[in-house]
Amino acid sequence: MKIEIWSDFACPFCYMGKSNFEKGLEQFEHKEEVEVVFRSFQLDPYAKKNTGMNIHQVSSSKHGISYEKAKERNNELKQKAKEVGLDYQFDTMIYTNSYDALRLSYYAKENGKMREFMERIMKAHFTDSLDIGDHATLAQLASEIGLDENEALDVLANDKYSDNIADDRAEGLKIGIQGVPFFIVNDKYAISGAQSSETFLELLRHTWKEDYKITKTKEHIADSSSDKNCSDGTCKLI
């Protein structure tokens, strides 16, 4: 069974969705026969680095709301994350562009470390308040999961893997992705947002049953409602 997951390191729901998916997968009776493929889908290619603004200021400016309202929304996200076992630190989070981190994820993939890389970078961004737009920081994080720090710096110093990001984004748009996280199971079923672990487990079991019956079914989209940008389990395109 193949699971493709489109996500972006800058998306708070992507970390929650990944965590819930992994909890559901852990309970799946055939988990050893599941191939998980991470795909990139950058929400805001124009995000700036080193703005000096905190995430509440960025949210306020981007969504046209007061600073207090932005902080309130982020605190709600912090609580949602806590409910799935994640510790989001919005007050100290460093707003940046995720492009280089996404490029480095393909280097991790080529070296069999994609899953570990996804977890480390998301934790670095949302919990550890590290700058995942900084090359030295990214290379250090790569080394923590067993990748070569100097090779990582070489990747970041040029434009390597830019085509991979463009290709993933183009394919995502082609199949109708407007927000992440977005999961596709066996090219047949799609589910979006930070769904519960039980929902993911149910989908895995259903797909397994259908495939082994060799039965073709209609595509089922389990979507969650959301506001214009980030709410109810998904982050939208900028």
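This is a predicted model: local features need pLDDT of at least 70, side-chain atom pairs count only at pLDDT 80 or more; totals for chains, interfaces and linings use all residues.
User: Why is the pair formed by Tyr15 and Tyr88 called stacked?

Analyst: The ring centres of Tyr15 and Tyr88 lie 6.1 Å apart, and a pair requires centres within 6.5 Å. Their planes stand at 15°, while stacked applies to planes under 30 degrees apart. The pair is therefore stacked. Tyr15 belongs to helix α1 (residues 12-27) and Tyr88 to the loop between α3 (67-83) and α4, 73 residues apart.

User: What makes the pair of Phe21 and Phe200 edge-to-face?

Analyst: The planes of the Phe21 and Phe200 rings are at 85°, and edge-to-face applies over 60.

User: How do you know whether Tyr88 is buried or exposed?

Analyst: Buried means under 20% relative accessible area. Tyr88 has 0% relative accessibility, so Tyr88 counts as buried. Tyr15 is likewise buried, at 2%. Ring pairs join Tyr15 and Tyr88 with Phe90 and Phe126 in a cluster.

User: Why is Asp187 called exposed?

Analyst: The relative accessible area of Asp187 is 64%, and exposed means over 50%; Asp187 is therefore exposed. Asp187 is placed in the loop between β4 (182-185) and β5 (189-192).

User: How do you know that the length of helix α8 agrees with its number of residues?

Analyst: At 1.5 Å a residue, the 13 residues of α8 (residues 162-174) should span 18 Å. The end C-alpha atoms of α8 are 18 Å apart, so the two values agree.

User: What makes the buried residues of α8 line one face of the helix?

Analyst: The buried residues of α8 are Ser162, Ile165, Asp168 and Gly172. Viewed down the axis of α8, they fall within an arc of 135°, and therefore line one face. The face turned away from that buried side carries the exposed residues Asp163, Asp167 and Lys174. Elements covering the buried residues of α8 include β1 (2-7), β2 (35-40) and α4 (99-110).

User: Why is Arg169 said to lie over the face of Phe41?

Analyst: Arg169 is at 5.2 Å from the ring centre of Phe41, and the distance limit for a charge over a ring is 6 Å. Arg169 is accordingly described as lying over the face of Phe41.

Note on methods. Residues are numbered from 1 along each chain as its sequence is written. Side-chain values use heavy atoms; hydrogens and water are left out. Helices (H or I, at least four residues) and strands (E, at least two) are DSSP runs, numbered from the N terminus. Buried means under 20% relative accessible area, exposed over 50%, partly exposed in between (1.4 Å probe, protein chains only). The expected span of a helix is 1.5 Å times one less than its number of residues. The arc is that of the directions from the helix axis to the C-beta atoms. Contact means heavy atoms within 4.5 Å. Rings of Phe, Tyr and Trp (its six-membered ring) pair if their centres lie within 6.5 Å; planes under 30 degrees apart count as stacked, over 60 as edge-to-face and the rest as tilted. A charge sits over a ring if NZ of Lys or CZ of Arg is within 6 Å of the ring centre and within 35 degrees of the ring normal.
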